[in-house]
Amino acid sequence: MNQALSDLLDLLDLEQIEENIFRGQSRSAVVPRVFGGQVAAQALVAAGRTVPADRHAHSLHAYFLRPGDPGAPIVYTVERIRDGRSFTTRRAVAVQHGRPIFALSASFQLDEDGLEHQAPMPAAPDPASLPTSADRLRGYGHLDPAVVEKFIEAREAIDLRYVEDPPFGRYGEPREPHSQVWFRTNGKLDDDPLLHVVLATYVSDMTLLDSVLLAHGRGGWAVGDVVGASLDHAMWFHRPFRADEWLLYDQESPSAHGGRGLGQARIYTRDGSLAISVIQEGVVRVPRAD
């Protein structure tokens, strides 16, 4: 396990203050606010720690309400909505400076047998044949080196490999609103299923709106031709997976309108099992000077 992954796991390991109250630390991201994947992952940790270990997360629905302050801790309060025979529901609210910045509802379920089908895994090159994120980023001479290093530092805990050039790597002409990345943690994790779900939640906010930018030939926040932020985020965890083994994140954008863009995705294990479905809408605005 590299130091960056160890630091990330420490970041996600919340301090319990009261029975349903937890405190997490923050850290700076590529943009001057708390990374959305961090607050979503921490909120899921808080919710999951109030649930019996035999009930596993199967879905979450969340809203990003205000930008998070990376210089201040975040307090998570958990409401125990329901404890049924098969399902458990929790609501977690993240608070900074006395105001909510994020709200999450999560549902957990006992393992059950049932009907079985899934969408097939799309074609994708082997992750070992692709450059690392750091190698790809450092190959783009048009990017500000300081921005490149911020991206690399923010992703040191994750081995994330783009199948094709990301929006900031090649922009100016519209492309198909579809992108793929492979990812896994940069080190082995223990066998706690919640930890793997939490790490996938963390990564899921990194690239999902890229396909919106591709459709319009925009490079994104790395080059400054759009401004944006996540608005809401939903995930469904269909089948067991490990976040320390390769996962294919297949993403597309069906719509952009009214200053918002929608991304939707499926995450597959390397052997083709559909593990997760993801949907996110975000603010995607063209700067007024443009």
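Me: Which residues of helix H4 (residues 145-154) are buried?
Reply: The model is a predicted one. Residues count as buried when their relative accessible area is under 20%. In helix H4, this applies to Val148, Phe151 and Ile152.

Me: How are the buried residues of H4 placed around the axis?
Reply: What covers these buried residues includes helix H3 (133-138). They span an arc of only 95° around the axis, so they lie on the same side of H4.

Me: Which residue caps the N-terminal end of H4?
Reply: The backbone nitrogen of Ala146 has a side-chain oxygen 2.9 Å away.

Me: How are helices H1 and H5 oriented to each other?
Reply: The axes of H1 (residues 3-12) and H5 (residues 193-207) come within 12 Å. Leu8, Leu9 and Leu12 of H1 make the contact with Leu195, Val198, Leu199 and Tyr202 of H5. The axes cross at roughly 105°. Angles of 65 to 115 degrees count as roughly perpendicular, and H1 and H5 are therefore roughly perpendicular.

Me: Which residues touch the most other members of the largest nonpolar core?
Reply: This core has 68 residues. The residues with the most contacts to other members are Leu8, Tyr76, Phe102, Leu104, Ile158, Leu199 and Ile276.

Me: Which residues does the second core include?
Reply: This core is separate and has 8 residues. Among them are Trp182, Trp246, Tyr268 and Leu274.

Terms used. Residues numbered from 1 in each chain as written. Predicted model: local features only at pLDDT ≥ 70, side-chain atom pairs only at ≥ 80, totals over all residues. Heavy atoms only, no water. Core = buried A, V, L, I, M, F, W, Y, C linked by side-chain atoms within 4.5 Å. Buried < 20%, exposed > 50% of the residue type's maximum accessible area, 1.4 Å probe, protein only. Helix = DSSP H or I, 4+ residues; strand = E, 2+ residues; numbered from the N terminus. Arc of directions from axis to C-beta. Contact = heavy atoms within 4.5 Å. Polar contact = N/O pair within 3.5 Å; in protein donor to acceptor, adjacent residues only side chain to side chain. Axes fitted to C-alpha atoms, helices over the stretch in contact; angles between N-to-C directions. Parallel < 35°, antiparallel > 145°, perpendicular 65-115°, else oblique.
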